[in-house]
Amino acid sequence: MTGVSGGVLVAGIGNLFLGDDGFGPEVVRRFAGCGTVPPHVRAVDYGIRGMHLAYDLLDGYDTLILVDACAAQEPPGTVTVLEVGADDLGTGEFDAHGMDPVAVLGNLDALGGTLPLTYVVGCVPADLNEGIGLSGPVAAAVPEAIAAVHALLGSAVPETMKTRRA
């Protein structure tokens with residue numbers, strides 16, 4: 001679907017060498033392998049490649065679903081769906097060799113793009129220390145996150161999971 005306008009980009013974000021920070025890549029890997037990805041959806045593990053994500057967004061997607069570990073005042077393994085708009089973003093310093101989703105999305109207009117309808121499927125991490133593999137609570141949350149991605153694709157996210165970031 002690269003190079004065409006429209007469609008949905010499901011982007012896994014995170015460093016798989018930092019424990020639960022590998023949540024996004026794991027969810028996207030399993031989502032892409034489930035055999036139920038619609039043809040208008042592209043699922044990509046971006047890891048920590050922010051520049052790659054920024055340039056792919058210039059293709060003109062209608063919707064972006066970021067999957068990432070995200071801090072919250074909830075127990076580890078809690079999955080939350082956030083809707084993110086331009087007003088929720090600052091600019092931040094864009095790092096061509098790293099991944100700061102806020103900086104990538106906040107600087108998209110400087111690259112000639114526009115922010116699509118954007119959601120974050122986030123999971124509260126338990127362990128962000130060096131090491132490969134998800135903690136028990138975060139690994140157990142992967143199926144719930146995949147279900148949230150499917151719900152977003154069907155525009156049927158349960159209100160109990162959906163939060164608007166202020």
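Visitor: What does the secondary structure of the protein chain come to?

Guide: The protein chain has four helices and six strands. Helices (H or I, at least four residues) and strands (E, at least two) are DSSP runs, numbered from the N terminus. This is a predicted model, in which local features need pLDDT of at least 70 and side-chain atom pairs count only at pLDDT 80 or more, while totals for chains, interfaces and linings use all residues. Residues are numbered from 1 along each chain as its sequence is written, and side-chain values use heavy atoms, with hydrogens and water left out.

Visitor: Which pattern does the protein chain follow along the sequence?

Guide: The pattern reads β-α-β-α-β-β-α-β-α-β.

Visitor: How many of the residues count as buried?

Guide: The share is 46% of the 166 residues of the protein chain. Buried means under 20% relative accessible area, exposed over 50%, and partly exposed in between (1.4 Å probe, protein chains only).

Visitor: Turning to the loop between β1 and α1, where Asp 20 lies: is Asp 20 buried or exposed?

Guide: Asp 20 counts as buried because its relative accessibility is 0%.

Visitor: Which residues is Asp 20 in contact with?

Guide: Leaving aside neighbours within four places in sequence, the contacts of Asp 20 include Ala 69, Pro 125, Asp 127, Gly 133 and Val 138. Contact means heavy atoms within 4.5 Å. The C-alpha atoms of Asp 20 and Gly 136 are separated by 9.5 Å, although these residues are 116 residues apart along the chain.

Visitor: What about Asn 15, where is it found?

Guide: Asn 15 is found in the loop between β1 (8-13) and α1 (23-32). Asn 15 is buried, with a relative accessible area of 18%. A polar atom of the Asn 15 side chain lies 2.9 Å from the backbone nitrogen of Phe 17. Not counting residues up to four places away in sequence, Asn 15 touches Asp 21, Gly 22 and Ile 48.

Visitor: Which residues of α1 are buried, and what covers them?

Guide: The buried residues of α1 are Phe 23, Gly 24, Pro 25, Val 27, Val 28 and Phe 31. Their cover includes β1, β2 (41-47), β3 (63-69), β5 (117-123) and α4 (136-153).

Visitor: How many residues has the largest nonpolar core?

Guide: That core has 23 residues, and those with the most contacts inside it include Val 10, Phe 23, Val 27 and Val 149. A nonpolar core is a set of buried Ala, Val, Leu, Ile, Met, Phe, Trp, Tyr and Cys residues joined through side-chain atoms within 4.5 Å.

Visitor: Which element gives the most to this core?

Guide: Helix α4 gives the most, with eight residues. Apart from this core lies another, of 17 residues, among them Leu 9, Leu 57, Leu 82 and Leu 105.

Visitor: How many salt bridges does a search of the whole structure find?

Guide: The search finds three salt bridges. A salt bridge is a side-chain nitrogen of Lys or Arg within 4 Å of a carboxyl oxygen of Asp or Glu. Glu 26 and Arg 29 meet in one of them (2.6 Å, N to O). Arg 30 forms another with Glu 26, the closest N and O atoms being 3.7 Å apart.

Visitor: Is Arg 29 buried or exposed?

Guide: Arg 29 counts as exposed, at 52% relative accessibility, whereas Arg 30 counts as partly exposed at 33%.

Visitor: Which residue does Asp 56 form a salt bridge with?

Guide: Asp 56 forms a salt bridge with Arg 42, the closest N and O atoms being 3.2 Å apart. Asp 56 lies in helix α2 (residues 50-57) and Arg 42 in strand β2, so the pair ties together parts that are 14 residues apart in sequence. Both Asp 56 and Arg 42 are buried.

Visitor: Finally, how many disulfides are there?

Guide: The count comes to zero, a disulfide being a pair of cysteine sulfur atoms within 2.5 Å. Cys 70 is in no disulfide, and the nearest cysteine sulfur, that of Cys 123, is 7.5 Å away. Cys 123 is buried, with a relative accessible area of 1%.

Technical notes: A polar contact is a pair of N or O atoms within 3.5 Å; within protein, one must be able to donate a hydrogen and the other to accept it, and residues adjacent in sequence count only if both atoms are side-chain atoms.
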